[in-house]
Amino acid sequence: MKIPFNKPAFVGNELEYIKQAIYIGQISGNGHFTKKCHHFFEEKFSSKCLLTTSCTDALEMCSLLLNIQPGDEVIIPSYTFVSTANAFVLRGAKIVFADSQSDHPNMDAESLEQLITPRTRAIVVVHYAGIACDMDKIMELAQRYSLFVVEDAAQAIDSYYKGKPLGTIGHLAAFSFHETKNVISGEGGLLVINDKQFEKRAEILWEKGTNRTAFFKGEVDKYGWVDVGSSFLPSDLIAAFLYAQLEKMDVIQSKRKLIWDTYFENLLPLKEQGHIKLPLIPEYATNNAHMFYIICKDIDTRDKLIAHLKKQDILSVFHYLSLHKSPFYASRHDGRELSWSDFYSDRLLRLPFYFELSPDDQEKIINTIQEFFN
Ligand SMILES: *Cc1c(COP(=O)(O)O)cnc(C)c1O
């Protein structure tokens, strides 16, 4: 039996709620289950929230809300998914890539100040593996230079920085419910609006540039085209699926944390023998068990380990290739070396991690890794 890298979790009421959405008779956006999801997040975050069709879309909304113009500079980690950068490139921004920390793939808050110029508009942080960036430092810097902060919290549901939920610290934040994340709806995302000045316009952008949302709330007596916008809202079928997952978030999370702890405890001897490094959880951060990665001592070791695991039908995968070296952006990059980003591109390896990973399969994965190094 093959052990995949990811397997979408089904936790109970997904089909039932989709059926209910169909019987209710509105399966387009902003229906019954969309409102339930909004309510769930607004209670949790105490901020206005809008479901989107993906985290990518939520990030594009951030870029529109910040009114990013050609030539504006946006600071983004190089070690991230393309959507973090693309959302801003679409509006003509110049991306200034930040390096990772030496002890974590997250952006190095200490190295950000030197990247700020008079054209800098925003810093986009990515909470890699759901582990918080050092937000106090980043928010202080942003305030000092009047910059906006967007949290790419795609991986960061149910994770905290000094007791504050990730996604509530920056001016805006984006979550993902893609099937590779902790809580899923196939494709799906969420925009969190922590700065009230963006609330009204976010609803308009979300509804194709119309004030339709205000109309349905009875705030205006007719609706029309009032701004730019797009179709960012998901079908209520997606929201129905998502709501079933949100209701069971605690079950999902306790299972994932158990899997994470099992990897950590059993791989600790390999770390102590100097073969690998294990994930760091800083004191200010919680661990939401989004992924489990190890860091090999070089790319050669990592590739051999991938092959060794594959021979045992275990699928492990590396992660981001530094965006500053990508075919699309390399020629636009300012030429700085970002050696920690490259370090994680070469050495980081993600192990199979999903809700239904059985103890037997996990034991097989751990044994196969131990056998490789010993
Ligand atoms: C998954 C992910 C995204 C994209 O999410 P989608 O919902 O697939 O658009 C963006 N940024 C990061 C860091 C991610 O992990």
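This report covers the pockets, cavities and domains of one predicted model.

Residue numbers start from 1 along each chain as its sequence is written, and side-chain values use heavy atoms, with hydrogens and water left out. As the model is predicted, local features need pLDDT of at least 70 and side-chain atom pairs pLDDT 80 or more, while totals for chains, interfaces and linings use all residues.

## Domains

The domain assignment, from an automatic or database source, gives domain 1 (14–247) and domain 2 (249–373). Their centres, taken over C-alpha atoms, are 26 Å apart. Contact means heavy atoms within 4.5 Å. On that basis, 45 residues of domain 1 touch 36 residues of domain 2.

Rolling a probe the size of a water molecule over the atoms shows where empty space is left. The search uses a 1 Å grid over the protein atoms alone. A cavity is a set of points where a 1.4 Å probe fits but cannot get out. A pocket is an open set with protein on both sides within 12 Å along at least five of seven lines. Lining residues have an atom within 4 Å of a point. Points are joined across faces, edges and corners, and a volume is the space filled by probe spheres set on them.

| Space | Volume | Lining by class |
|---|---|---|
| Largest pocket | about 470 Å³ | 9 nonpolar, 14 polar, 5 charged |
| Second largest pocket | about 270 Å³ | 4 nonpolar, 6 polar, 7 charged |
| Largest cavity | about 60 Å³ | 5 nonpolar, 3 polar, 4 charged |
| Second largest cavity | about 40 Å³ | 6 nonpolar, 4 polar, 1 charged |

For the classes, Ala, Val, Leu, Ile, Met, Phe, Trp, Tyr, Cys and Pro are nonpolar; Asp, Glu, Lys and Arg are charged; the others, Gly among them, are polar.

## Pockets

The largest pocket has 28 lining residues. Gln 155, His 178, Thr 180, Lys 181 and Tyr 320 lie nearest its centre. Domain 1 and domain 2 each give at least three residues to this lining. Helices (H or I, at least four residues) and strands (E, at least two) are DSSP runs, numbered from the N terminus. Helix H3 (55–65) and helix H4 (82–89) each supply at least two lining residues. The largest share, 3 residues, comes from H3.

The second largest pocket is lined by 17 residues. Nearest its centre are Asn 30, Lys 35, Trp 206, Thr 213 and Phe 216. Two or more lining residues come from each of helix H2 (32–45), strand E1 (48–52), helix H6 (199–206) and helix H7 (212–216).

## Cavities

The whole structure holds 2 cavities of 30 Å³ or more. Residues lining the largest cavity include Asn 6, Lys 7, Glu 179, Thr 180, Lys 181, Arg 256 and Tyr 354. Both domains give residues to this lining, so the largest cavity lies between them. Among the residues lining the second largest cavity are Ala 153, Gln 155, Phe 175, Lys 181, Val 183 and His 290.

## Ser 54

Ser 54 sits in the loop between E1 and H3. Ser 54 counts as buried because its relative accessibility is 15%, the limit being under 20% with a 1.4 Å probe and protein chains only. Its side chain reaches the backbone nitrogen of Asp 57 at 2.9 Å. Beyond neighbours within four places in sequence, Ser 54 contacts Gly 188 and Gly 189.

Methods: Buried means under 20% relative accessible area, exposed over 50%, partly exposed in between (1.4 Å probe, protein chains only). A polar contact is a pair of N or O atoms within 3.5 Å; within protein, one must be able to donate a hydrogen and the other to accept it, and residues adjacent in sequence count only if both atoms are side-chain atoms.
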